[in-house]
Amino acid sequence: MTAHEIDYHIYGEEMQYVEIELDPQEGVVAEAGSFMMMDDGIKMETIFGDGSQNDSGFLGKILGAGKRILTGESLFMTAFYNNLSGKRKVSFASPYPGKIIPIDLTEYRGKFICQKDAFLCAAKGVSVGIEFSKRLGRGLFGGEGFIMQKLEGDGMAFVHAGGTMARKVLQPGEVLRVDTGCIIGFTQDIDYDIEFIGGIKNTIFGGEGLFYAKLQGPGVVYIQSLPFSRLAGRVLASAPRAGGKDKGEGSILGGLGDLLDGDNRF
């Protein structure tokens, strides 16, 4: 497997986007909906799966696309090609506030495992597949379920994280305990399991759930400070129309305050 060699630059701080420079005949694949802008002369094509195996036939393409359904993603991905002479640029944006993380798969022996919605884009030729959990407890209580995404190949891939990203290098036998929703991804040698928090007070009143994610080295782990599910939960909890407590400027006056400060919607 030989992926296209692409150059890139990441712009921004909290709301980032990645600009990828394509030489003639180079391409990049991306999740549907992540496209931001591109130079004139780049061809866009909607494809089944990731397009990493051009000779797999129709059945192979159907199976590859079917795997994406299991991870909750769209059947289709979007490929962008530079078919002209000279360099062209195409950009992709993160879907929510956070960081875009470049992953050079050659540094991780050709494989990186990440949460189901973390993948943003990759060089043409990188395979975007699924990774099944072989442990019942991890699948039921690990936050990511039985299925995660795996990125394979020898090119560049880009994943996104909510909030701020932390990169931890674990030595053999070293253990890191993480909130189950805060995992972005990890290298293939990491032993990932779940661990019961323990203690009646911790379980009932701790507010952190019942389980930790237990990551044991050797390997590299990427952690996010603000999972999208946590952000969405806080927003919904504060939305008055969803039964939450209004935290707006006019909340003391209730609906009258909303009318006065212009927050009321008709």
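**View 1. Contacts across the chain in this predicted model.** Take the contacts between residues at least 6 apart in sequence: 75% of them join residues at least 24 apart. The elements making up this chain are 5 helices and 19 strands.

**View 2. What's tucked in and what's on show.** The chain runs to 266 residues, and 42% of them count as buried.

**View 3. Phe112 meets Tyr222, one of the aromatic pairs.** The count of aromatic pairs comes to 7. Here the ring centres of Phe112 and Tyr222 sit 5.8 Å apart with the planes at 75 degrees, so this pair is edge-to-face, the cut-off being over 60 degrees. Phe112 belongs to strand β9 (residues 111-114), while Tyr222 belongs to strand β19 (residues 219-224). That puts the two partners 110 residues apart, so to speak, in distant parts of the chain that the pair links. Look for both Phe112 and Tyr222 among the buried residues.

**View 4. A cluster of Phe rings.** Zoom in on Phe35, Phe80 and Phe92, and you'll find that they form one aromatic cluster.

Definitions and conventions: Residues numbered from 1 in each chain as written. Predicted model: local features only at pLDDT ≥ 70, side-chain atom pairs only at ≥ 80, totals over all residues. Heavy atoms only, no water. Helix = DSSP H or I, 4+ residues; strand = E, 2+ residues; numbered from the N terminus. Buried < 20%, exposed > 50% of the residue type's maximum accessible area, 1.4 Å probe, protein only. Contact = heavy atoms within 4.5 Å. Phe/Tyr/Trp six-rings, centres within 6.5 Å; stacked < 30°, edge-to-face > 60°.
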